[in-house]
Amino acid sequence: MAAFSRELGIDLGTFNTQIAEGNQILVQEPTIVVIVTNEMKLVEYGTTALGMLGRVPDSIEVVRPLRNGVIAEYELTEKLLGILIKKVTGPTIFFRPRIIISVPFGITSVERRAVQEAGLGAGGREVNWIPQPLAAAIGVDLPINTPTGNMIISLGGGTTQAAVISMTGIVSAETSHVAGLKLDDAISAYVRKKYGLIIGQPTAEALKIRIGAAIPSDEEKTMEIQGQDQVSGLPKPVSLTTNEIVEAMQAPLEEIATTAKRVLEKTPPELISDIIDRGVALCGGTALMKGLDKYLTVALGIPAYIVDNPVTCTVEGTAKAFGMLDLILRSQQN
Ligand SMILES: Nc1ncnc2c1ncn2[C@@H]1O[C@H](COP(=O)(O)OP(=O)(O)OP(=O)(O)O)[C@@H](O)[C@H]1O
Ligand SMILES: [Mg+2]
């Protein structure tokens, strides 16, 4: 451990926040807090808070302080970051850590400043930012410092970010808000339409993760869930199959593919031929979806593959970025 200032890489995600130092991941917690409503007092955070979602009385609120990858609740974000940073540094910070934090590609300078200020307010001494796809590509060890085309798609909970990177810079990229949460919404809408049942986001997400897939599967799984009948308001069970979830998610999956296609359209042909040779790297929690690599391979006409560290590459890249900070800062000046 460094005796003086520590260097922390942070991936502040809509659903999950991670902190790494060197090549060690030190914190992994859901980006969610519980507050006492009329005092705005934070009483729980992370995994414990997630377990309380949809199960608390009116006097208490479970809040995700980020939406679509950007800070929606500034004070709560700063408090949560402060708690997570103290988990690493201990309760008394003698030497405030230097921080590099990933932000979605294409957010406004105001949104970016809010992230930097939250990092400073949470105890950081100096807070730099890096676009998330660049951090992910560094974390995956793509040869991004060479004049070659490297494509990565970061599929998170609140954002899909597709980018082509060359010479440590983003050549073309796009961020869409169609990501994990929109897949959950599509499943909820499908269940309501087909069975007249209302289900909450956690149930839709469980269906997606346990039996969902991006393309029809030979090994169909089923899962029984409890919903609330739209007409009677009473609980009612229903059993869903893999192929129903595939069908439910087709529209948002198409939008995800369209985002990646638009990025390819904006990419110079020389770089495209590199990408065809190397394939498209997929990362983020939504990249774990069964068959998504095959789905995108067909949709893009270029092989897409899931990286070895899909869930941790962004935070690993932010920590590694300390070693190339000059290059990264230079690319931010224009
Ligand atoms: N096995 C799985 N199959 C499909 N989706 C999954 C699976 N595991 C996790 N997810 C989804 O991954 C998403 C969370 O991914 P991740 O932690 O990368 O997001 P995030 O970094 O917090 O969000 P963002 O980068 O968009 O701000 C959630 O929507 C979750 O439902
Ligand atoms: Mg993310």
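A residue counts as buried if 20 or more other C-beta atoms lie within 10 Å of its own, as exposed if 12 or fewer do, and as partly exposed in between, with C-beta atoms placed from the backbone. These close-ups come from a predicted model, where local features need pLDDT of at least 70, side-chain atom pairs count only at pLDDT 80 or more, and totals for chains, interfaces and linings use all residues. Residues are numbered from 1 along each chain as its sequence is written, while chains are lettered from A and ligands numbered from 1 in the order in which they are written.

**View 1. Two loop residues with positive phi.** N68 sits in the loop between strand 7 (66–67) and strand 8 (70–71); strands here are DSSP E runs of at least two residues and helices are H or I runs of at least four, numbered from the N terminus. Phi of N68 is near 50°, a positive value in a residue other than glycine. N68 is partly exposed because it has 19 C-beta neighbours inside 10 Å. T168 belongs to the loop between strand 12 (160–166) and strand 13 (169–176), and its phi, also positive in a non-glycine residue, is near 55°. T168 has 17 C-beta neighbours inside 10 Å, so T168 counts as partly exposed.

View 2. Ala, Val, Leu, Ile, Met, Phe, Trp, Tyr, Cys and Pro count as nonpolar, Asp, Glu, Lys and Arg as charged, and the others, Gly among them, as polar.

**View 3. Helix 5 against helix 6.** These two helices pack at about 100°, with their axes 8 Å apart. The axes are lines fitted to C-alpha atoms over the stretch in contact, and angles run from 0 to 180 degrees between N-to-C directions. That makes helix 5 and helix 6 roughly perpendicular (65 to 115 degrees; under 35 is roughly parallel, over 145 roughly antiparallel, and the rest oblique). On the helix 5 side, L183, D184, I187 and S188 meet Q201, A204, E205, L207 and K208 of helix 6, contact being C-beta atoms, placed from the backbone, within 7 Å. The contact of helix 5 with helix 6 has 4 nonpolar, 2 polar and 3 charged residues.

**View 4. A248 in helix 7.** A248 lies in helix 7 (residues 242–248). Is A248 buried or exposed? A248 is buried, because 26 other C-beta atoms lie within 10 Å. Leaving out residues up to four places away in sequence, A248 touches A186, I187 and Y190.

**View 5. The buried side of helix 10.** L292, Y295, L296 and L300 are buried in helix 10 (residues 292–300). They are on the same side of helix 10 because they cover an arc of only 110° around the axis, taken from the directions from the helix axis to the C-beta atoms. The buried residues of helix 10 pack against helix 8 (250–265), strand 17 (280–283) and strand 18 (304–306). Just after helix 10, G301 takes a positive phi of about 70°.

Key:
Contact = placed C-beta atoms within 7 Å.
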